[in-house]
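Below is a briefing on the cores, pocket, cavity and backbone of one model. Please have the sequence and structure at hand.

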Amino acid sequence: MHLVYEDTKEEILAIERRAKHQLPHLHQTLELVYVMKGSLELGVGLELFHMEEGDIGLVFPDVIHHCQVFSEQYSEVLYINIPTRTLGTYEELLKRKAPVYPVIKYGELPSEIYPAIQSMKGSVPKNIWIVQAYLQVIFARCIPLLTLTEKSHVGSNDLIYQTVSYISANFRKSFLLEDMAKDLGVSKYVLSRVFSKTFHRNFNQYLNDARLGYAKQRLENTNDPITTICLDSGYESQRTFNRVFKEKYMVSPSEYRKKLLL
């Protein structure tokens, strides 16, 4: 579900779905990962953190992370992406710090956490202040249970993670594989192998996926004109944007937005 409040700039995204593999990525929101059924491996940096039913993971903004599912058992997860400004006084902390161990186990969590989470996945109040209050409760009760460190200590110098970080920071710009390789201090052939061996797609495909993913979220969560979304996503031509969007999602951007209103 998308919790968007038209009278404010707050946008909270809550997605309840079957757990699945997710490639390394990052975003500027705090992500709360709640395992409702089964298990999940939450990857942060080069570490994997095992999660069982009832566990909560907190991924701070701009921290590269991914998910793995090794069990054949059906697993269901609630992901809540929360803009840092929603958490008020914690915003500066979220920018500078990150958890050493980002998972809080079921037995360690205060009892009031679960009703607050249920409110985020059930009948959500329309009042943004009520939603913010729930989020403040969740985060305020979780933060004392985490050991925090400087965000730079959580990252990695591994080329895979440098690649993810670079694309996430620059996908709105126009650049070539050669430009990226030069900035990262490696040859374009080494970088090309990272895309093909790790991400199973070439540079252009990966960059295009990043742009389309961003454009899709903007279509879902804003009323911005499609032309604006096209340019903000890194496309110089709306014709190109329409074509690649339809190739991936089987509908044009305008058709996709209309479907959301049905």
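**Cores**

Leaving aside neighbours within four places in sequence, Phe139 is in contact with Leu30, Leu58, Phe60, Leu87, Tyr90 and Leu94 (contact means heavy atoms within 4.5 Å). This is a predicted model, in which local features need pLDDT of at least 70 and side-chain atom pairs count only at pLDDT 80 or more, while totals for chains, interfaces and linings use all residues. Residues are numbered from 1 along each chain as its sequence is written, and side-chain values use heavy atoms, with hydrogens and water left out.

- The largest nonpolar core has 46 residues. A nonpolar core is a set of buried Ala, Val, Leu, Ile, Met, Phe, Trp, Tyr and Cys residues joined through side-chain atoms within 4.5 Å. Buried means under 20% relative accessible area, exposed over 50%, and partly exposed in between (1.4 Å probe, protein chains only).
- Leu40, Leu58, Phe60 and Phe139 have the most contacts inside the largest core.
- Strand 4 (residues 30-37) gives this core its largest share, six residues. Helices (H or I, at least four residues) and strands (E, at least two) are DSSP runs, numbered from the N terminus.
- Another core lies apart from the largest one and has 21 residues, among them Phe171, Phe175, Ala181 and Val194.
- In soluble globular proteins, nonpolar side chains tend to be buried together.

**Largest pocket**

- The largest pocket holds about 2100 Å³ of space. On a 1 Å grid over the protein atoms alone, a pocket is an open set of points with protein on both sides within 12 Å along at least five of seven lines, whereas a cavity is a set where a 1.4 Å probe fits but cannot get out; lining residues have an atom within 4 Å of a point. Grid points are joined across faces, edges and corners, and a volume is the space filled by probe spheres set on the points.
- Its lining has 48 residues, and Leu26, His27, Gly213, Tyr214 and Gln217 lie nearest the centre.
- Helix 8 gives the most to this lining, with 10 residues.
- Elements that each supply at least two lining residues include strand 2 (11-18), strand 9 (76-82), helix 5 (159-170) and helix 10 (238-249).
- By class, the pocket lining divides into 17 nonpolar, 16 polar and 15 charged residues. Ala, Val, Leu, Ile, Met, Phe, Trp, Tyr, Cys and Pro count as nonpolar, Asp, Glu, Lys and Arg as charged, and the others, Gly among them, as polar.

**Cavity**

- A search of the whole structure finds one cavity of 30 Å³ or more.
- The largest cavity holds about 30 Å³ of space.
- Val44, Leu58, Val59, Phe60, Val63, Ala98, Pro99, Pro102 and Val154 line it.
- Strand 7 (56-59) and strand 10 (97-99) give two or more residues to this lining.
- The cavity lining has nine nonpolar, no polar and no charged residues.

**Pro24**

- Pro24 sits in strand 3 and is buried, at 11% relative accessible area.
- Beyond four places in sequence, Pro24 touches Ile64, His65, His66, Tyr161, Val164, Phe199 and Tyr206.
- Pro24 and Ala181 are 157 residues apart along the chain, and their C-alpha atoms are separated by 19 Å.

**Positive phi**

- Most residues other than glycine have a negative phi.
- Asp62 has a positive phi near 60°. Asp62 is in the loop between strand 7 and strand 8 (65-68) and is partly exposed, at 44% relative accessibility.
- Met250 also has a positive phi, of about 70°. Met250 lies in the loop between helix 10 and helix 11 (253-261) and is exposed, at 64%.
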